[in-house]
Structures are given as structure tokens and as C-alpha cells.
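Biologist: I am new to this structure. Could you take me through it in questions and answers?

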Amino acid sequence: MAEAITEAQWHERMARMSRRHGVLLSSLRERDASDFELVLASAALHLPAEGTIDERAANELLKQFLTGAGSFVDTDHVELRRWLADLGYLQRSDRGSEYRRGRLPPWLQAAASGLDAERLTASVAAAQVADAERRASRKAAWLAQQARAIEVSEAPLSTPADDAFFMRQAIDQAHNAWALGEVPVGAVVVRDGKVIATGFNQPVGNHDPTAHAEIQALRAAAEALDNYRLPECELFVTLEPCAMCAGAMQHARIRRVVFGARDPKTGACGSVIDLFGVERLNHHASVRGDVLGDECGRLLSQFFAERREFKRSGVLPPEAEVGDDVGDDVGNDVGHDVGNDVGDDGRDE
């Protein structure tokens with residue numbers, strides 16, 4: 001038998017249960033017998049302790065319970081009346097036409113003596129209103145946070161001179177990738193005219209097919225700003241972004257994308273597809289390409305030329321792929337998915 005409770009505890013427990021929705025009596029009985037008994041006792045309080053009422057009146061009182069203090073219970077008055085009668089919370093006359101309150105569990109009897117259905121209904125209703133207000137407040141706070149996250153800045157965009165300046169910083173990042181044996185692609189994220197994050201290509205070393213320069217820079221920027229949305233930011237990258245990176249920029253709400261060399265194999269800013277120009281998508285960054293494109297392209301060409309020389313000299317194993325006729329025309333041979341060009345040393349492993 002459960003430990004006896006006070007009238008205040010009765011109100012508190014019913015208020016707590018009222019936060020639920022669609023509670024089945026059978027499930028409640030299996031999960032928590034004391035809560036099950038409390039719900040039935042609360043329903044029984046709606047019936048008279050003295051005298052009797054007919055079936056229609058009993059049904060109306062049980063309906064009041066199910067629309068009030070027991071609104072969280074998923075049942076109807078007929079099934080509830082059956083539970084009450086079978087377990088002794090409700091007494092019927094021999095003919096089954098008259099009803100009155102039955103015997104409540106011993107641990108509830110003392111508290112029930114000071115309770116009535118009207119006060120119980122009022123306290124549960126007040127608890128439900130308070131809970132709804134808390135939920136509304138949390139929702140409003142969340143919506144306000146999201147609104148701040150996607151607010152678009154009115155600060156001016158970078159100028160063409162700025163674009164070249166920031167692209168050279170992205171080229172510096174590409175050299176970091178080359179130093180590690182990765183395809184040299186670099187990126188920087190700029191906000192209010194300042195670089196706030198950098199990244200370079202690292203899928204091979206990180207064993208991560210998503211570790212493109214743009215993704216690395218986006219992750220660093222999001223961490224720096226403590227926000228997964230970057231609506232006030234511009235991203236500069238030495239090679240035209242692939243579909244994965246363009247999609248990540250759209251989710252981050254990047255304001256502007258500037259790239260260097262074009263990539264006719266996997267470029268998603270116009271060379272193969274133009275994801276930022278798809279009207280059905282919900283974000284459209286402005287895009288500028290070919291910024292220091294020749295310099296960015298030469299960097300990639302030189303990398304593959306070096307790898308061909310490494311293969312000829314035996315530094316790379318004979319079976320390693322290093323690209324087919326890369327030459328100086330990077331647009332014809334180099335893409336984000338350079339696994340087709342350089343085997344296990346490509347930008348995408």
C-alpha cells in the first residue's frame with residue numbers, strides 16, 4: 001500500500017499528471033499503481049458520498065471529470081465507470097440503476113475527507129494554464145533566438161579590391177594543405193571586413209570525406225561566433241565549391257561566396273550546377289567567381305605536376321594515380337572529387 005498523502009500532495013500529483021496527454025488507464029496501472037489509484041479516486045470524488053444518483057447523473061459527473069481534472073486520461077465515461085465499479089470506487093444498487101461513491105484506498109481516505117471535486121478541478125486547471133504559459137514563454141524565447149540567428153546584416157559587402165586581399169589569404173591556407181600532401185584548396189570566412197575563421201583541405205589526413213576547406217572554415221566560424229547560422233559572413237575559397245560545400249553554406253546562411261578557379265567536374269556555383277541559383281531552395285547567397293582564378297589554378301596544376309614527378313621518381317608507388325593531362329588547364333582536370341585524378345591522395349578520399 002502506498003504511503004498516505006495530504007490534500008496538498010493530492011493536488012500536486014494530479015497537477016503533475018495533467019501535463020501528460022492521452023494517458024491510458026491500463027498503461028497507467030502497469031506503470032504506476034499509486035497514480036492509477038489517485039486518478040480513479042479523483043474521479044470518484046465527483047460522485048456523492050451520501051445518497052444515490054441515477055445512471056444519467058453519474059455519467060454527467062464522470063464526463064465533467066474527463067473534461068476537467070482528468071482531461072489527460074484517454075477514455076470515455078462508460079469505460080471509466082466500468083473501472084470504478086469493478087474496483088469498488090463506485091457502488092451500484094442491486095438493479096444497477098443507482099450510484100454513489102464507493103470506498104477509496106486507505107492511503108487516500110484522510111486526504112479525501114478535505115477534498116471536493118470543484119477545488120480539485122480548479123487547481124488542475126490552474127496548473128495546466130501555468131504549464132501552457134511556460135511552454136509559450138520557452139517557444140517565444142526559442143523563436144527570438146532563431147530570429148537573431150538569421151538576421152541579415154546591412155553592412156556593406158567586400159569590394160573587388162577586398163576580394164583579392166581575402167583570396168590571397170585563402171591561397172595561404174591552400175599551401176597548408178599542400179604541405180600535408182593534401183590537394184591545395186584553402187578557405188577563409190570574413191565578417192565585417194575581418195577574417196574570423198580559416199580552413200584548408202584535409203580529407204585524407206582526417207579520414208573525413210567532408211573535410212573540405214569550406215567545411216573546415218564553416219565549422220571554425222560557427223564555433224567562433226557560437227552560432228550555426230552565419231548570415232553576416234562571406235566565404236572565400238580557392239576552388240569552386242562542390243554541392244556538399246554549397247549546401248553547407250546555404251544551411252549556414254552564408255551571405256556571399258567568392259571563389260578562385262572554376263571546377264567543371266563538380267563545381268556547384270555554375271560550372272556543373274548552380275545550387276545558389278535554384279529558386280526552390282530557401283537561401284540564395286550572392287556568388288562571384290574567377291577571383292585570382294589563374295593563380296589558384298596554377299597552384300593546383302603545380303601540385304599535380306609535383307605528384308607526377310614523385311611517381312616517376314618512385315616516391316609514390318607505381319599504382320598511384322596522379323591525374324590525367326592536368327597541365328596548366330586546371331578547369332579541365334581538377335575538381336573537389338579528385339579521387340578520379342590522384343587516387344588515395346585526392347581531395348575526396
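Modeller: Buried means under 20% relative accessible area, exposed over 50%, and partly exposed in between, with a 1.4 Å probe and protein chains only. The model is predicted, so local features need pLDDT of at least 70 and side-chain atom pairs pLDDT 80 or more, while totals for chains, interfaces and linings use all residues. Residues are numbered from 1 along each chain as its sequence is written, and side-chain values use heavy atoms, leaving out hydrogens and water.

Biologist: Which elements do the buried residues of α11 pack against?

Modeller: Helices (H or I, at least four residues) and strands (E, at least two) are DSSP runs, numbered from the N terminus. In α11, the buried residues are C245, A246, G247, M249, Q250 and A252. They pack against α10, β6 and β7.

Biologist: Is W83 buried or exposed?

Modeller: W83 lies in helix α5 (residues 77-86). Leaving aside residues up to four places away in sequence, W83 has contacts (heavy atoms within 4.5 Å) with L25, S26, R29, F36 and L40. Because its relative accessibility is 17%, W83 counts as buried.
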